[in-house]
Amino acid sequence: MSKKGKKAKVPLSDEEQLLLFQQKLLAEEEMAKKKERLLNQFLKDKLAKEEHNSALNLNKINTQWRTVLREVKTRELHKDIEILSQTFERVVDCKDSVIKSLAKDLSEAEEQHAHALRSHLHSIDQLLALQRCRLNLLEENYNMELEALTKEFETERKKIIDQHEKEIHYLQDVFMAMEQNYIDSEYESKLEFQSMWDDLKNKNLEEKHFLRLQLENIVEDLWRRFQDALKNYTDATEDRKIAFETLKVKDEKSSKEIEAQMKKIQKLQDSIIILKGKILVHSRESEEQNQDIREDKELVLVQLRKLKAQRTQARGIAQENLVKLTLESSATLKALREIVDKGEKILKLAEICRKFETEEEKVLPFYSSVLTPKEQEEIETVDLEEFNEELGKVIMDYKGMENFWKRYNKVKLEQLSLRHRRAQLLEINEKLREMLRQYLDGISVSDEVLSQLNPLFIVNHRSNLPQLLPMPTAQPGDKKPPATYNIIEAAHVVSHTL
């Protein structure tokens, strides 16, 4: 024991003391780091627990708030369903009443249509009867004029036919005389021609006989020469003999034909010369007769042209009258069709307008006169003779349009009143829209709302309204200003606090 005590009491050097001090510092630093780590871990665990608890509490609050909102929403929906059921029943009742009124309107419209159709058919029958009478009168006038024209035409035709028959008989007599003269002259010319033809025939026969004798002698000489040449030629050219014989036969035939044709031509030329002389004589005689006939023919043609001109003129006048009649009839038919189309269009518009009439208009379609009884009597006692005839006729023609103008003026007044009412409703609508926009701007938060003055927007117990100046002290007898209250929506507070 004494040895150990002695060893502990041995003094340490400076280096050893420095090392011991450094070891102590390191140990303290390690202990401090451990404590810091434990503290951080504890704080992290605590923060995690707090976050878990806050999330759990937030979910609980949201679930409770949702249940409250669901209850409120269910109440609102029940109220809306009740209101909708009431409105639906009211709409159904309105629809039933509309259907009943429409059924009544339909039955009344059918009655009015049947009445209008009957009146329309009656008026059409009257117009057709009037048109038939007019057409009958026109047809009678046309038939009378046609009969007069046919009588005139027949008389002129008989005159022309009689004159034509007389001229034909005259021309036939002339033709018979000319034909008899021509037959006599033809017989004489034939006799002369026959005598001349016999003389020429005899002369030609004598000349032919003389020429034949001469030709026979010549032919015999030529034949002898030809036989000699033929022998030589046959000896030289036996091959062309057959061809030569055929050509010879053809030559003989053609020569005979030429001689016959020449004789005929000569005879014809002689006869032509004789006949030309006779024709010249007869032509001179016939030219004089033809000249007289031409003059008569020209006179007949002049008369015929005059008659044709008169006939074409009468036909042109009749054609013009017929064209005028057809144009006028087509114009009247077009005008009647336009009137019928206009009437049908008016009836259709009346049927369409009938659907939009009210019960009062159906019962009383025409309002009573605005004039007083005295004014009405004065108007009735006015003598229409004070006006000129044309104005009186126009007034009487349009007297049946008084009820129409009454209904037209009534519709115009209702249209003006509806336009005025529409302008008022548009003005009210604009005011309500402005109020709704101000209300929505007050309960919503946006950049546009934040940039404007809003007494409901408060942050940190401060508003964006300008600070008001201190009010002067109230004097006895003065009225107190109304108190102002700042209202904050509960939804806004809950969304910022939870």
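**Stop 1: the positive patch**

Select Lys201, Lys208, Arg212, Lys263, Lys264 and Lys267: together they form a positive surface patch. The model is predicted: local features need pLDDT of at least 70, side-chain atom pairs count only at pLDDT 80 or more, and totals for chains, interfaces and linings use all residues. Residues are numbered from 1 along each chain as its sequence is written, and side-chain values use heavy atoms, with hydrogens and water left out.

Patch residues have over 30% relative accessible area (Shrake-Rupley, 1.4 Å probe, only the protein chains shown as cover) and no salt bridge (a Lys or Arg side-chain nitrogen within 4 Å of an Asp or Glu carboxyl oxygen). Like charges are joined within 9 Å, and nonpolar side chains (Val, Leu, Ile, Met, Phe, Trp, Tyr) within 5 Å. Lys and Arg count as positive, Asp and Glu as negative; His and the chain ends are not counted. Each charge is placed at NZ of Lys, CZ of Arg, CG of Asp or CD of Glu.

Which helices supply the positive patch? Helix 2 and helix 3 (241–355) each give at least two residues. Helices are DSSP runs of H or I, at least four residues, numbered from the N terminus. Click Lys201, in helix 2. Lys201 counts as partly exposed because its relative accessibility is 39% (buried is under 20%, exposed over 50%, partly exposed in between).

**Stop 2: the nonpolar patch**

Now select Phe210, Leu211, Leu215, Ile218, Val219, Leu222 and Trp223, which make a nonpolar patch of about 690 Å². Leu215 lies in helix 2 (residues 14–236). Leu215 is partly exposed, at 48%.

**Stop 3: the negative patch**

Finish with Glu285, Glu287, Glu288, Asp292, Glu295, Asp296 and Glu298, a negative surface patch. Glu295 sits in helix 3 and is partly exposed, at 43%.

How values were computed
Buried means under 20% relative accessible area, exposed over 50%, partly exposed in between (1.4 Å probe, protein chains only).
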